[in-house]
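Dear colleague,

I am passing on the structure that we discussed, and my notes on it follow below. Please read them with the model open beside you.

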Amino acid sequence: MRGGHNVKPTNEHQKTGSYRPDRHKNRVDSQTPGIETKPPPPAHFDARHVSEWDKVCGHVVDMGVMAAPDVYLLEIYVSNWFIWQDAAMEVRQKGSTIQNDEGRAVKNPAVLVMAEAWKVLSVVSGLFGFSPRGRMGLKQIPKETGIEKQSNILEFLKGGTLKPN
């Protein structure tokens, strides 16, 4: 597949009429159906994880960018969210430096845990549009209502041009 930063998803090509089977039929995104309802949370999640899962999946499904393989990425996101939160709580309670067994001040290991979890959160949140930069990369085409479709057809019949959906 050729393309740079702004590669259009196959469904966008289909909606705009620029879909070409010779270029787009073998793309993975054309073979991965979207999910329109919130998937159930993983069985190992506790109540707070389930609550965050419901919130995050709700956003992703509402944006129309959820597909079956994304469930695993969202599981990683939610798990790392709580790893980061728990480590941040420890840093708030004990500080960024603690005393080791010898009485020396050392960096609290929770600071490193926070940094590692944040790296994962940053990557996954960008993929799903949870940041301003990430949302810039998501492209959605507004759904045309029945009235808009009728007026488009009427305009064409009157000698105008037919607008792509």
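A residue is called buried here if its relative accessible area is under 20%, exposed if it is over 50%, and partly exposed in between, with a 1.4 Å probe and protein chains only. Helices (H or I, at least four residues) are DSSP runs, numbered from the N terminus. This is a predicted model, in which local features need pLDDT of at least 70 and side-chain atom pairs count only at pLDDT 80 or more, while totals for chains, interfaces and linings use all residues. Residues are numbered from 1 along each chain as its sequence is written, and side-chain values use heavy atoms, with hydrogens and water left out.

I begin with helix 4. The buried residues of helix 4 are His-49, Glu-52, Trp-53, Val-56, Cys-57, Val-60, Val-61 and Met-63. Seen down the helix axis, these buried residues fall within an arc of 155 degrees (taken from the directions from the axis to the C-beta atoms), so they line one face of helix 4. On the other side of helix 4, Ala-47 and Asp-62 are exposed, whereas the buried residues pack against helix 5, where contact means heavy atoms within 4.5 Å. Helix 4 has 17 residues and reaches 25 Å from its first C-alpha to its last, close to the 24 Å expected at 1.5 Å a residue; the expected span is 1.5 Å times one less than the number of residues. After helix 4 comes Gly-64, with a positive phi near 75 degrees.

His-49 counts as buried at 13% relative accessibility, and its side chain is joined to that of Asp-46 by a polar contact of 2.6 Å. Such a contact is a pair of N or O atoms within 3.5 Å; within protein, one must be able to donate a hydrogen and the other to accept it, and residues adjacent in sequence count only if both atoms are side-chain atoms. Leaving aside neighbours within four places in sequence, His-49 is in contact with Val-78, Ser-79 and Phe-82. Glu-52 counts as buried at 11% relative accessibility, and with the sequence neighbours within four places again left aside, Glu-52 is in contact with Val-78, Trp-81 and Phe-82.

Helix 5 has 25 residues and reaches 36 Å from its first C-alpha to its last, close to the 36 Å expected at 1.5 Å a residue. Its buried residues, among them Asp-70, Leu-74, Tyr-77, Val-78, Asn-80 and Phe-82, pack against helix 4 and helix 6. Just after helix 5, Gly-95 takes a positive phi of about 95 degrees.

Next, the nonpolar cores. A nonpolar core is a set of buried Ala, Val, Leu, Ile, Met, Phe, Trp, Tyr and Cys residues joined through side-chain atoms within 4.5 Å. The largest has 16 residues, of which Trp-53, Val-60, Met-66, Leu-74, Tyr-77 and Val-78 touch the most other members. Helix 4 (47-63), helix 5 (70-94) and helix 6 (109-127) each supply at least two residues of this core, and the largest share, 6 residues, comes from helix 4. A second, separate core of 5 residues includes Ala-87, Ala-88, Val-91 and Ala-110.

Finally, the aromatic rings. The structure holds 5 aromatic pairs, where rings of Phe, Tyr and Trp (its six-membered ring) pair if their centres lie within 6.5 Å, and planes under 30 degrees apart count as stacked, over 60 as edge-to-face and the rest as tilted. Phe-45 and Trp-53 form an edge-to-face pair, with 5.9 Å centre to centre and 75 degrees between the planes, and both of these residues are buried. Tyr-77 and Phe-130 also pair edge-to-face, at 5.2 Å centre to centre and 65 degrees between the planes. Tyr-77 lies in helix 5 and Phe-130 in the loop between helix 6 and helix 7 (132-137), so this pair ties together parts that are 53 residues apart in sequence. Tyr-77 is buried, with a relative accessible area of 10%, while Phe-130 is partly exposed at 25%. Ring pairs link Tyr-77, Phe-128 and Phe-130 into a cluster.

With best regards
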